[in-house]
Amino acid sequence: MAQEIVTTRRNRVRWLAAALALVLLAGACGTSDDSDDSDDDSAPAATDAATETAADVADDTSDTDTSDADTGDAADDAAPAADEPEPPAGRSGTLLWALPSNGANFYDPHASTNPFARSWMYPFYDRLTNVDADGNPQPMLATSWEFSDDGSSLTFHLREGVVFHDGAPFNAEAAKLNLDRARNPQSAPATFVDLLAVESVDVVDEYSVRLNLSAPGGALPMLLGDQAGMMISPTAMDNEDIGTMPVGAGPFVATAFRVDEVMFADAFDDYWDPEIPKVDKLELRFILDPQTRLNAISSGELHGGFMDVVTHSRDDAIELGLVITERVSTGMFQLFLNTELVPEFANVNVRRAMAMAIDQQAFSDALHHGECTPSDQVFSKGWWAANPDIDADYYPYDPAAARALLEAEGVTDLEFTSITANLPPFVAMSEAVAGFFAEIGVTMNVAATPIPELIAGFIVNKTAEAYFSVNPGAVDPAKLVGTIWLPPSPFNPGGYEVPGLFPLHLQAQSGTTPEERAGAYHEMAQLLTDEQPTIVFCTPANLMVHRPEVGGVQILATQTDVDVSQIYFVE
Amino acid sequence: MLRLAARRLLKVIPLLLLVSFISFGLLNLVPGDPAVQIAGEFATEEQIEDIRAGLGLDRPWPVRYASWLGDAVRGDFGVSLFSKVSVATQIWDRLPATLSLIGLSLAISALIGVPAGTFAGWREGTVLDRFLTMGTTVGVAVPVFVAAPVLILIFGIKLDWLPATGYVPITANPIDWARSLMLPAIALALTGAAEIARQTRAGVIDVKKQDFVRTAHANGLATWQVLGKHTLKNAMIPVITVIGLQIGRLFGLSVLIEQIFNIPGLGSRLIAAVFENDVPFIQGTVLILGTVIVLVNAAVDISYGYFNPRVRAAA
Amino acid sequence: MSSHASSAVDPVLQIEDLAVEFITEHGWLTVVDGVSFEVGRGETVGLIGESGCGKSVTAMAVLGLIEQRSGRVSRGCIRLDGRDLLALDSREMREIRGRKVAMVFQEPMTSIDPAFTVGNQMVEVLRRHLPMSRSQARQRSVELLDRVGITDPHRRIDSFPHELSGGMRQRVLIAMALSCEPDLLIADEPTTALDVTVQAQVLDLLAGLQAEMGMAVLLVTHDLGVVSETCERVIVMYAGEIVETASTDELFARPLHPYTAAMLASLPGLHPDEPLDPIPGIVPPRHALPPGCWFEPRCEHAIELCGSGHPTLVAVGGRSARCLRADDLRLPGVGS
């Protein structure tokens, strides 16, 4: 059935698909914040992003250095000679890049709750830290940081000699102003949640700030590598148009913005890292339709942009002579449940039966050109939070066993309604899910719902029984957990409590590095996989398609997000 | 003629009021709360209430309608929900692209449709007629979202004659402007051209049997006079009606075309605005587009007076 | 063939053995067959017959407008001032029409383009054929309107057709047809659509104009009454053929063909006290013509012989008739 839906898909569906992928998330799901971009501090290094040329992709799938290198075992042998050319020494040209979402035309780092505004912000706003491709925080505007021994404070030592685009100096005072702004629910609906553990911020000296913590803050170095840690010029912070004309300390200076169309920017001559940027000018263009993006890139009018795997297969891009750079995102297609409205959802065996009813590979093949990596655990494969010992087929596709499990629980005639974005691909996916559930005697009615009403229905008014969507991922697993699975989490409207989850969540915050925190998350992954408080489907790939003459594409961990700051033209 | 124009324009006023009412009212009837959108998923009830009050959403709708209309008449449509950018500025920035696209595509459909329909009708039953009729059948049948990608693939990518996507304002470079709009305008014009050709053909076939055409022949008028003057002008009324209907349709399709060709017009913005629940922008745009359509249709009605003098008398 | 019977001194129009075919569901059918006659300079000739007899088709053939109606001239010759019209291409023919030969149609209500003013259309015709400036043509149009009896021509010239009555429109059409002073005017039922008083005015106007301009007139009509008042000679057609030709006086006094006699008998007004006597039966369809005389099935004088051979048009002392019994029948005339 899913197969049919896909094969009858027409062009009309295609452009809507675009909308879907982007927007749906935008309005509907989680605001996760963060990202990572992969470079380490000063070196503009072309370390990571997996880049495939037509040649290598043709014979194997992917590699991705992001560490989630699972797929491409065969990758290495295939001649990577042309892969990622060395960046040139100088600076040249105008980079034209297509973004698939307009980010709601609002790029105040602390206030924008749109999960797709991030790509519009990265070139303009440097963060205190920079999260690399492995999910580790690296120096950026802060050169180092340390927790106090008792974990009650976190001190950042700031880079000296940094100026904002408007000439204002970056120092501890500026950092404090920003951090206070970012943790105020009034001014920062997007980031205050990330900084709940911060009780106050002190200026220690000209280039040191201390965050006094009221709770374990192990995730902070990561979270401050994303929106919460973006530094706005103190003299521009209250500008009327700060939402559309960024003034930060990033490698590009915004020069003009046209709503829903384009952001023009020039290289920032006083950027602290003289190696960056590699281009003279930047134009970020909003193009919703995936086909239009691909057309613009293949015809040479743009250099690159997001590739929607619902609409296109890799071959579509490769046949056009384009290059794909990819990274597995931390996002996940999931069915969110309201245990209050449907008491059966509170029964773990019912949820397990539902997980067993899904043929994830078929789901991915039919609806995502096979690019959605099947998973039964909530943290995507390759992420440091993910438990490598959990089989992707933890719940093998087994309708008979699922039915038996339901019968054993005495659950018959389970029927519920799931809302989903009223965009054709999402409706198609939901219908496919309903088809799987029908096999085990569970009736899922699909309610295609206008995007603005999704959050209202599921989170604010709590009137929806279930919600099928994709969570775009997060820079730190703590953010995912807080958003989705804890009793007060917005995506847990029934307030369902997974036994043992909260202690693990606290424990995970007391470590200060990914290595220290990974153990707790691996345990949590085991718990959440076993419990399935949300039914997990698969991880969407985050693919960028670009012309072979550009390199240095840094893909973020959150779905559709990219940092174009270090892109260069191959000489 | 002037009297006809004046009378017709008077009728526009209640229509425009209706348009304004619909622009405002529809969006207030639709469920969905912009305040929830702005507040984000971690918002408390109070935060949402505050935002709602800030947007003026706590006032009764007649009050909001009156104040909105009062501002709108003065050209102030408020600011966009998230970006806070003036809606009027956005509309004036984007209207030229949309109007260029629609104007050019109307011109193309008339320039193709009228001659094709005229020749087909004039040479009814010949091979030329059958060829043209087949062409129009195909033209009507091929939806714009099929035609557009094909045009892009052939002329934008394979042959690389015209830009596949993008838009250049006429003020920047008139030649690039025309080039950038050529493919979208053609894609948009195909159905219209076919529809106009069919209507023209039917009109010409009907008119060429009329007695006055025989008179024109009997008086020895040249073919171009009989066909281009007497036949065509009389055949034009249904064609003008079709063109009037096309305009509303073109505005609708321009939403799609602007997406596909990445043209920064009102249509492409409208889609995003709907997703964002950007009510002020949607209201302003619907009002402006509705006004344009109402005025264009009035112009079409007035033009009947030119093509059919009896309409003038009836005014 | 026996064209001497319908010849004229100083002919403007000479038609010889004209045959016209139209495509129908029965294939190509001849609707005008072997028609020959002449119209002399300054002469008025009536071409009469019931509807469908081919008289209008003959007139259209002269104008070269048969192709407009998916027909063709399959045989014969049409000469205007000695020039073979059938040899002309369509562009040359367009220059003849309106200039050398003009036509007035029977439907004044619909024969003028409603979308343009009277003056616009008159100026158009004048400038098409004569080297005139726009203002000269307009001046001439005003004069013509005045000449055809339209009052206040300076104002009327800017009228649209819908603002004029039927009689005025017919006058406008006549003015248009005569604007280039053609040698031959073909008037196809010019008064049929008009009411009786207006009919007389229009006929008087035509007669007056003809006398003034000296053109030949071919008056196509089914109305013998009209013919009697205006024509010098009459040509009677039946089922696509000429069945009788004669001077008007002779024809009315002593018709030679039973069809002519029957038409005379059915004439209203001449015998106002007697009931109308329509001709019984119908014109046979072209694809089912009788083997002998085509009028035989309807003829009250028919004899056995009439049903076998198709009669030819035979000259009878300066006139002609297509009837086996032309010599022995004594058919009643009217008037004298």
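At what angle do α10(B) and helix α3 of chain C pack, and how far apart are their axes? I will come to that pair by way of chain B, then the contact between the chains, and finish with chain C. Please keep in mind that this is a predicted model.

The answer is an angle of about 165°, with the axes of α10(B) and α3(C) 13 Å apart. Angles over 145 degrees count as roughly antiparallel, so α10(B) is roughly antiparallel to α3(C). The α3 helix in question covers residues 118–129 of chain C. As for handedness, α10(B) and α3(C) make a right-handed crossing.

Which residues meet there? From α10(B) we have B:Gln225, B:Lys229 and B:His230, and from α3(C) the partners are C:Asn120, C:Gln121, C:Glu124 and C:Arg128. Sorted by class, this contact has no nonpolar residues, 4 polar and 3 charged.

Now to chain B, where α10 has another helix partner. Helix α8 of chain B, residues 174–208, and α10 of chain B, residues 223–261, have axes that come within 8 Å and cross at roughly 160°. That value makes α8(B) roughly antiparallel to α10(B). Their crossing is right-handed. In this contact the residues are 18 nonpolar, 10 polar and 3 charged.

Next, the contact between chain B and chain C as a whole. Chain B puts in 22 residues and chain C puts in 30 residues. Between them the two chains bury about 2,400 Å², and carbon and sulfur atoms give 52% of that. Which three residues supply more than any other three of the area that chain B buries against chain C? They are B:Arg214, B:His217 and B:Asn219, and they supply 27% of it.

Last, chain C on its own. The domain assignment divides chain C into domain 1, made of 11–100 and 182–321, and domain 2, which is 116–181. The C-alpha centres of these two domains of chain C are 29 Å apart. Domain 1 of chain C brings 20 residues to the contact, and domain 2 of chain C brings 14 residues. How much area do the two domains of chain C bury between them? The figure is about 1,500 Å², with 64% of it on carbon and sulfur atoms.

Note on methods
Residues numbered from 1 in each chain as written. Chains lettered and ligands numbered in written order. Predicted model: local features only at pLDDT ≥ 70, side-chain atom pairs only at ≥ 80, totals over all residues. Heavy atoms only, no water. Axes fitted to C-alpha atoms, helices over the stretch in contact; angles between N-to-C directions. Helix = DSSP H or I, 4+ residues; strand = E, 2+ residues; numbered from the N terminus. Parallel < 35°, antiparallel > 145°, perpendicular 65-115°, else oblique. Left-handed = near helix turned anticlockwise from the far one by under 90°. Nonpolar A, V, L, I, M, F, W, Y, C, P; charged D, E, K, R; others polar. Domains from an automatic or database assignment. Contact = heavy atoms within 4.5 Å. Buried area = accessible area lost by both parts, 1.4 Å probe.
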